[in-house]
Amino acid sequence: MTFKFLTTLHILVYTLMQYCFYITYNTFLIQALYYIPAFLILNYLYSLKVLILWSAYIVISFLSPFVLDNFFNFSHPLKLSRTEEMIQNISTFVAVIFGIFFIFHYLKIFNKIKQDGLLKKGNEEIQSAENHSEPEAELLEDHSMAHIEIPSDYADKFDELYQRIIAYIEENKVWQNADFSISQLAEKLSSNRTYISKALREKGKTNFNNLLNTYRVRQVLQDFENLEHKNYKISFIYRKAGFSYQASFSRVFKEITGYTATEYLKRKEKM
């Protein structure tokens, strides 16, 4: 049973109880306070149009016993004393106030869960785009050059370009910049994306993203060796190395080391 179904069932059953209470005791004005938490939940679960319909139902169900009493003259076998009525009113008021705070507290939790879910979904979409956009572009570029025979002097130029790529990356630590792209690298080296991709594939047996991620993991491992994790959170360490999201860091770290970051640190402590 869903939360929405249980809430709807509660309102329907409570309405029936209201009728019974009125017929028995001839008083249930204070009991109407119990509809306040119900309205809060309905406002969270339903659209404005449905909420208006529910409100109309609640108002009609609340007022109808008074109207029907004028026609049928209900008998009320039980009558609360003044003390009993005061105790009932106070306990109802306290219970409703508690219910309101309880609902606000859990609605806040529900909203946080929903926002975290949306954020996680957005991060996964961004990560997916990060992981596939550059490799796909490189694949297209590599495919376009795969059938072209490269002259021997060009092979030497690709070797030289590869050395320049590695030198620039290591000198400027570009992997620490999560937004650094292959287009920016090509511009810095006065080359183009196609040649950069070809040089990395032919000489380094890798692609741009994998190369930067390798440097990022190396930095994280170096920070672990320097016991940086004792002073800073792992999230700070991997962001400093250039990873934007935990999911991408965890995936790449395990691909390269064979362990998660937590497993690696535990294993390191035992050595």
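Lysine 173 counts as partly exposed because its relative accessibility is 43%, where buried means under 20% relative accessible area, exposed means over 50% and partly exposed lies in between, with a 1.4 Å probe and protein chains only. This is a predicted model, in which local features need pLDDT of at least 70 and side-chain atom pairs count only at pLDDT 80 or more, while totals for chains, interfaces and linings use all residues. Residues are numbered from 1 along each chain as its sequence is written, and side-chain values use heavy atoms, with hydrogens and water left out.

**The chain as a whole**

- The protein chain has 11 helices and zero strands, where helices (H or I, at least four residues) and strands (E, at least two) are DSSP runs numbered from the N terminus.
- Of the 271 residues in the protein chain, 33% are buried.

- Lysine 173 sits in the loop between helix 5 and helix 6, and its phi is near 50 degrees, which is a positive value in a residue other than glycine.
- Lysine 205 lies in the loop between helix 7 and helix 8, and although it is not a glycine, it has a positive phi of about 55 degrees.
- With 68% relative accessibility, lysine 205 counts as exposed.
- Lysine 79 belongs to the loop between helix 3 and helix 4 (82–146), and with a relative accessible area of 64% it is exposed.
- Although lysine 79 and threonine 24 are 55 residues apart in sequence, they are 8.1 Å apart in space, C-alpha to C-alpha.

**The largest nonpolar core**

- The largest nonpolar core has 21 residues, and those with the most contacts inside it are Ile165, Ile169, Leu185 and Ile196; such a core is a set of buried Ala, Val, Leu, Ile, Met, Phe, Trp, Tyr and Cys residues joined through side-chain atoms within 4.5 Å.
- Two or more residues of this core come from each of helix 5 (152–172), helix 6 (182–188), helix 7 (193–204) and helix 8 (208–225), and helix 5 gives the largest share, seven residues.
- When residues up to four places away in sequence are not counted, isoleucine 169 touches Val174, Trp175, Leu211, Leu212 and Tyr215.

- Isoleucine 11 is found in helix 1 (residues 3–25), where it is buried, with a relative accessible area of 1%.
- Isoleucine 11 and alanine 38 are separated by 27 residues in sequence and by 7.1 Å in space, C-alpha to C-alpha.
- Beyond its neighbours within four places in sequence, isoleucine 11 is in contact with Ala38, Leu42, Trp54, Tyr57 and Ile58.
- The axes of helix 2 (residues 35–45) and helix 3 (residues 48–72) come within 10 Å and cross at roughly 165 degrees; axes are lines fitted to C-alpha atoms, for helices over the stretch in contact, and angles run from 0 to 180 degrees between N-to-C directions.
- Helix 2 and helix 3 are therefore roughly antiparallel to each other, given that angles under 35 degrees count as roughly parallel, over 145 as roughly antiparallel, 65 to 115 as roughly perpendicular and the rest as oblique.
- In this pair, Tyr35, Phe39, Leu42 and Asn43 of helix 2 meet Leu51, Trp54, Ser55, Ile58, Ser61 and Phe62 of helix 3.
- By class, the contact of helix 2 with helix 3 has seven nonpolar, three polar and no charged residues, where Ala, Val, Leu, Ile, Met, Phe, Trp, Tyr, Cys and Pro count as nonpolar, Asp, Glu, Lys and Arg as charged, and the others, Gly among them, as polar.

**Helix 8 and helix 10**

- Helix 8 and helix 10 (residues 246–257) pack at an angle of about 85 degrees with their axes 10 Å apart, and that makes helix 8 roughly perpendicular to helix 10.
- On the side of helix 8 the contact is made by Asn213, Thr214, Val217, Val220, Leu221 and Phe224, and on the side of helix 10 by Phe249, Val252, Phe253, Ile256 and Thr257.
- The residues of the contact of helix 8 with helix 10 divide into eight nonpolar, three polar and no charged.

Methods. Contact means heavy atoms within 4.5 Å.
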